[in-house]
Amino acid sequence: MRWSRRKTVMATAATAAAVGLAVTPAVVRPGQSGPPAAKPPPAAKPAPGRSGQLYSPFTGEPVTTLRPVLALKIDNLAPARPQTGLTSADIVYVLPVEGGLSRFLAVFSSRLPAVIGPVRSAREDDLELLRQFGRPAFAYSGAQPQLLPVVERARTADLYAGRVGGYFRDPRRVAPHNLYAYTSRLLAEAPGASKARDIGFRFGPAPAGGTATASFSVSYPAAAFTFRWSARDGRWLVWMDGEPAGAAEGGRLGAPTVVIQYTKVRTSRFLEAGTPPPYAESTGAGTGVVLRDGRAYAIRWSRPDADGGTTFTTTSGQVMTFARGQVWVVLAAAP
């Protein structure tokens, strides 16, 4: 498919070694954070199960408590691969960016790796996606000059690398694909970040129907993704640009549930290198495909309000339940 379309921080070497990164301090310029963010709407907490067990609203897995939400913009160009920390994400959003390429918005709450990266710059459509989480902590390396103040004023616990600590650069990689962040430091910089809340995902046994599917592909003009079912792993393994996608910490990228969410992809009003980048709308309604348990389900999705989550139903109107575990969501123009 196609769319027509910164206090010096000294890192601790012990932590970096644990994740296979060499550390140098990142020098970032001082500054003041943007004006106070508006008060978010009340967080909706998922009800405990019959046993009193609490479940993550993002993965459907048992948790002891609902933790703050940390979202990071992650590089996905070839020099940035393999990325660090993505295997611990609750949700991985795949978004189109300029040049026909892709970038990730990774959302963490249930589990936090020590280090995440490479961290890259924000885009306008990130803000619409983030509103459903209340006031999440949002980490990013920067943004286009006119967009940056908009991002800083958004309803997030702002973790712009130009204003907070916790970031460092790995000298073994080429800039800008070498900016990483310590999750514990980021969350210490975001004491008011909202906790995990209901964003519309529902988990449970698969609905009736679906089509047995071994693999499913989706692409942008210069980026391709294939999700291949592994019965042994019980998840869809990710291939990017024809190559198996791995993790710096070891193993393969993959998820029990993958959502291909077809949407309108227009252009942003904030130029990148003189060209308007794509803006993938995450509100409204549309169709898509959900992959789980080796089957593909044609679905409909609806998100009328950016402050609310997304509902997913089968074409017959049943609730489209997800398999428990990490969820990948690919936003793309309809084929």
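# Close-up views of a predicted model

**View A. R266 places its charged end over the ring of Y279, 3.9 Å from the ring centre.** A charge sits over a ring if NZ of Lys or CZ of Arg is within 6 Å of the ring centre and within 35 degrees of the ring normal. This is a predicted model, in which local features need pLDDT of at least 70 and side-chain atom pairs count only at pLDDT 80 or more, while totals for chains, interfaces and linings use all residues. Residues are numbered from 1 along each chain as its sequence is written, and side-chain values use heavy atoms, with hydrogens and water left out. R266 also meets E281 in a salt bridge (2.9 Å, N to O), a term for a side-chain nitrogen of Lys or Arg within 4 Å of a carboxyl oxygen of Asp or Glu. This pair links distant parts of the chain, 15 residues apart: E281 lies in the loop between strand 20 (278–280) and strand 21 (284–292), and R266 in strand 19 (residues 265–267). Helices (H or I, at least four residues) and strands (E, at least two) are DSSP runs, numbered from the N terminus. E281 has a relative accessible area of 18% and is therefore buried, whereas R266, at 30%, is partly exposed. Buried means under 20% relative accessible area, exposed over 50% and partly exposed in between (1.4 Å probe, protein chains only).

**View B. A salt bridge joins D75 to R120, with 3.0 Å between the closest N and O atoms.** The two residues come from distant parts of the chain, 45 residues apart: D75 is in the loop between strand 4 (70–74) and strand 5 (91–97), and R120 in the loop between strand 7 (115–116) and helix 2 (124–130). D75 and R120 are both buried. The model has 17 salt bridges by this rule. Side chains of opposite charge can pair when their charged atoms come close.

**View C. D198 and R202 form a salt bridge, their closest N and O atoms being 3.0 Å apart.** D198 is partly exposed because its relative accessibility is 27%. R202, with a relative accessible area of 38%, is partly exposed too. Elsewhere, E61, D90 and R111 are linked in a network of salt bridges.

**View D. E152, in helix 3 (residues 148–153), makes a side-chain polar contact with the side chain of R163 (2.3 Å).** A polar contact is a pair of N or O atoms within 3.5 Å; within protein, one must be able to donate a hydrogen and the other to accept it, and residues adjacent in sequence count only if both atoms are side-chain atoms. E152 counts as buried, at 9% relative accessibility.

**View E. Aromatic pairs in the model number 15.** F138 and Y140 are stacked because their ring centres are 4.9 Å apart and their planes are at 25°. F138 is buried at 0% relative accessibility, and Y140 is buried at 0% as well. F203 and F322 pair edge-to-face, at 6.0 Å centre to centre and 85° between the planes. That pair links distant parts of the chain, with F203 in the loop between helix 4 (183–188) and strand 12 (211–212) and F322 in the loop between strand 23 (311–314) and strand 24 (327–333), 119 residues apart. F203 and F322 are both buried. Rings of Phe, Tyr and Trp (its six-membered ring) pair if their centres lie within 6.5 Å; planes under 30 degrees apart count as stacked, over 60 as edge-to-face and the rest as tilted. One aromatic cluster is made up of F104, Y220, F225, F227 and W328.

**View F. Strand 18 (residues 257–263) is largely enclosed by the rest of the structure, because seven of its seven residues are buried.** In a regular strand the side chains alternate between the two faces of the sheet. T257, V259, Q261 and T263 point one way from strand 18, and V258, I260 and Y262 point the other way. Strand 18 runs antiparallel to strand 21, joined by five bridges, and T257 has R292 as its bridge partner there. Strand 18 runs parallel to strand 24, joined by seven bridges, with V258 opposite W328. Two strands pair if DSSP finds at least two bridges between them.

**View G. Strand 13 (residues 215–220) and strand 14 (residues 223–230) run antiparallel and are joined by six bridges.** The two strands form a hairpin, with two residues between them. S215 has R228 in strand 14 as its bridge partner. The charged end of R228 lies over the ring of W239, 3.9 Å from the ring centre.
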